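Here is a friendly briefing to read alongside the coordinates.

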Amino acid sequence: MNYNFLGILLSIFLLSSCSLFDGDKQPSHSAFESVKHYEPLDNLNIYEYRLKKNNMQVFLIPKKGSSQVAYTTAYKVGSRDEEKGKTGLAHLFEHMMFRGTEKFKDSNILFTEWAGTRNATTSFDQTFYYEVAPHHYLDQMAEFEADRMRHLKIDAKMYETEKGAVVSERKMRTVDSVMGKLWWELYQLAYDKHSYKVTPIGFQKDLDRSTLEDALKFYRSFYAPNNAVVGVSGDFEVSDALSIIDKYYGNFESEEVKPSIPTAEPIRSELRRKVMSVENAKTVYIADARLGTTYEDMKKGSKPVIDYVLCQLLADSKTGYLPSQLVEKAIASSVGQSCGPGIDPDLAVLLIVGSPGVAAPDLEKKYDLALKGFESWVTQEKIDRVKKLFAYEEWSYLRTPLNIAQDIVKPAGFANIPMYWFDFVKKSETVTKAQVLNRFKVWNKKNHTRLIFQPKAQ
Amino acid sequence: MNKNILVLLMIVFTGTVQSTIYVDHEKDPMPAVDVSVILPVLGLSKVPLEQTYNSLLSYMLQDGIAGKGRKHFNESLADFGSKFSFSTGVRGSTWSISFPYIKDMDYSKLSSILAQAWETPNFSQERFDLAKKKIKAGYVSTLQKDSSLVYTVFSKWFLKKQFSFIPSYEEDLKQVTLEGLKSYFNKKYSQVPDLWVGVVGPSDAKNVVEKIISSVFKKQGSVKFTQHNKPLITIDSAFEEKASAETFLIIDKPNRSQTYTLALTVNKKLAFFGNELLSQFSEYLTFDGGFKSIYMNEIREKNGLAYSVHSIGNTFYGRPMFSLMMNPLLKDGKTDKALAILKQLKSEQSLVGEKSLFKRVSEDDWKKFWTGYVNSKLLKKGTPGARLAQRKSVITGTNQYSFLKQDPKAWKMVRSSIEQFNQKLLKKEDTRSLIITLGDFSYLSKLAAKYYPSYKIVKIPYNKALSSSSY
């Protein structure tokens, strides 16, 4: 193989290390503090600002010629911040943010006219809103997002109606869906104390008894400019965007936002294993989870990167180890992984879906047996392939304004690491076989969580 | 910088094969290349086993080179950070490759690997048997989702054994052989009359792509590039005529908390092309225009009856179609109410004048819907994947791409046309209608009789719906 290829590919990202700051190139505006100019790639300029009045963090990423603008807002609140008995509120409230404001009583017609992608997601650690529209709507997008940050107008009837849609969503994603149910049960099993125990959809009973007052309290507690990160990417002039953002957010006061400190999850030493017979499941599922990494780990070193490389080596559908041992031998129909970090340690999960007719004990035995052969299978060459594929995926992903904005704004909201993904690619270059195998040893300790779904006997 | 240059080119192979190539240049910070090649194979073939052979090929053409195997193939591609896939469908088979483009890089090995995998694919008995198992596993996995089950039942009911959502029927999978597969591949894929190549990437990657395409498809002859643009595949109606005109199918699955409901009406006499603007804008008004669109607004926004309310498409093999998928809860009479709303709205949709469904949209909102519809088309120019998909849809006959020639101020003219088009679209004598729900039969059959008395009610036991055999 051509070993220079990896070097060339990664060197494009390495530019980030030498171009993090160039004050001369960053357009200025009196309402903003110019924080940083990043140029991680040729032709990709990322400008970071803070609104002086309220400390709102803003990223502007011009991408000329795209004819569109992606407007994104990350609020530093998710289900991690929910109180006991109020689960599902962060997600339900995310729905309420589409119900209109003082200025935009019928916000739905705005989205109809803009016509691009618009939606929101609620995770453990963040609530993320995004819209894409032709670039001449930038002013209106900012006006709307600013208005719903501070002037949402909702009533009890709207709340109850929206609750109906959310209950339907819960049934669809968590009750009737095998995968959704597996995810819900896995977190229930893996955590005892931490709020990650309940996934963002929440308990049905908590949704049933939640009220408009709960929602308004949540809004007042977390939806403030100093608890948000705004990112705009696409076809616009930076100076114009600064003026627009100042016009709509510049008078907002910052608010006191109490940081949530969820109860830490106690470290346990034993394996936690559960087998469930599930009505909709037609094959066996094994979810094998360990406590994973945090964003702070990324600030300190490379742990999340090593976890990612390990997960890809194990589970990549084309070149991974477990697919070659299980899928290619018709024991499993697929192998997947989810190994991202959280503000607190999230789960690193391997997911094995059995082939039809393969029983749970057989699948589990063969999975365990396969894991024993992993260490002798790993080579530095295989690790380098994972790095190349990842670098390309990131490279390819960054081709649209929305993806660029997401890649910057989300990690900025999680832990103030806007260059997270660029650093990730850069750090991946140095991952060694020894690091991967050391991490695998930690993974192989007994204190993991294993949830097995099997078809319910008819 | 970053000016997109649209170049339409045509490849002319020597001999009988002609192919078009579409190249969309972009100057991107991260120059990646996406290549899609569409081979017009299959269509709505009624030849026994052809669908199954195509489904098997979608797995086996990713298994690498004979004698070298899948691992060698995948690792060789990964060395270039490259991803390959092959998929088959009613609108042709798609051979795709994507890779990061680095100027002055030598891509001859990548080209050679891809060419060998196409010329001497890894068609072994072992891979053949595994592909059959993967098809079965995929089917089982898909049908665990109630929404997929409903869609599959529709597909079986309307299409019978023509190519559809189902990769292969159980009885066909038992009949196919490795020799049959080899013969099918050689016969069908060596003699494609046309080939379309779509590329999105930096302009200086053009030569590399041309070399790869010339190398992989060299069986067809030498390659020459010229401009051209035409649909590769024309697909006409796919109805199974023996089914009744109005059917209410109930997949009997007691103890469900919500029912997935799919409602479809296909017009057998109208052509989609020629009406595509009216059909697409109708869909934008009724479903695609977000929460404000008529069905979404009534079912979800005003009444909170279902989370998901959407259309599954506005065309069915060249015919215009109305479709709605929703997931109302069964408790508290929510499905009852949702079906009542569906009936009411659809009935209004077939009327013109004051009672028309579209009178629910004010003049001001109508202008915004129209602007939104225009915007939705313009936005597709902003991302490489969407640009490629848009061009691909021209070739596969799903979109005439004539939209952008329309006058963006034409909304005034369109309003009356929309009403008339929908009246024709839903004209009872010219249509076939199907509603599929999933849940307790005894309850749902009462709702069916209440709201759709003219429909023939058919019960499908859950296990039968899950079966991969044909009905």
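How far apart should the ends of the 19 residues of α4(B) be at 1.5 Å a residue? They should span 27 Å, and the end C-alpha atoms of α4(B) are 28 Å apart, which agrees. The expected span here is 1.5 Å times one less than the number of residues in the helix.

This is a predicted model, in which local features need pLDDT of at least 70 and side-chain atom pairs count only at pLDDT 80 or more, while totals for chains, interfaces and linings use all residues. Residues are numbered from 1 along each chain as its sequence is written, and chains are lettered from A and ligands numbered from 1 in the order in which they are written.

- Helices (H or I, at least four residues) and strands (E, at least two) are DSSP runs, numbered from the N terminus.
- Among the buried residues of α4(B) are B:Phe128, B:Ile135, B:Tyr139 and B:Leu143; buried means 20 or more other C-beta atoms within 10 Å of the residue's own, with C-beta atoms placed from the backbone.
- Helix α9 (residues 276–288) of chain B spans only 15 Å between its end C-alpha atoms, whereas a straight helix of 13 residues would span 18 Å.
- α9(B) is mostly covered, with 11 of its 13 residues buried, including B:Phe281, B:Glu283 and B:Asp288.
- After α9(B) comes B:Gly290, which has a positive phi near 85°.

**Where chain B touches chain A**

- In this interface, 61 residues of chain B are in contact with 62 residues of chain A (contact: C-beta atoms, placed from the backbone, within 7 Å).
- The elements of chain B giving two or more residues to this side are α2 (69–78), β5 (93–100), α4 (125–143), α10 (294–302) and α12 (363–379).
- α12(B) gives the most, with 10 residues.

**The sheet of chain A**

- Seven strands of chain A form an open sheet in the order β1-β2-β3-β7-β4-β6-β5, with mixed pairing; strands pair if DSSP finds at least two bridges between them.
- β1 (32–41) and β5 (118–122) of chain A are at the edges with a single partner strand each, so one side of each has no neighbour in the sheet.
- From one strand to the next, the twist averages 15°; axes are lines fitted to C-alpha atoms, for helices over the stretch in contact, and angles run from 0 to 180 degrees between N-to-C directions.
- Seven bridges join β1(A) and β2 (residues 44–51) of chain A in the antiparallel sense, and A:His37 stands opposite A:Tyr47 in β2(A).

How values were computed. Two residues are in contact if their C-beta atoms, placed from the backbone, lie within 7 Å. A residue is buried if 20 or more other C-beta atoms lie within 10 Å of its own, exposed if 12 or fewer, and partly exposed in between; C-beta atoms are placed from the backbone.
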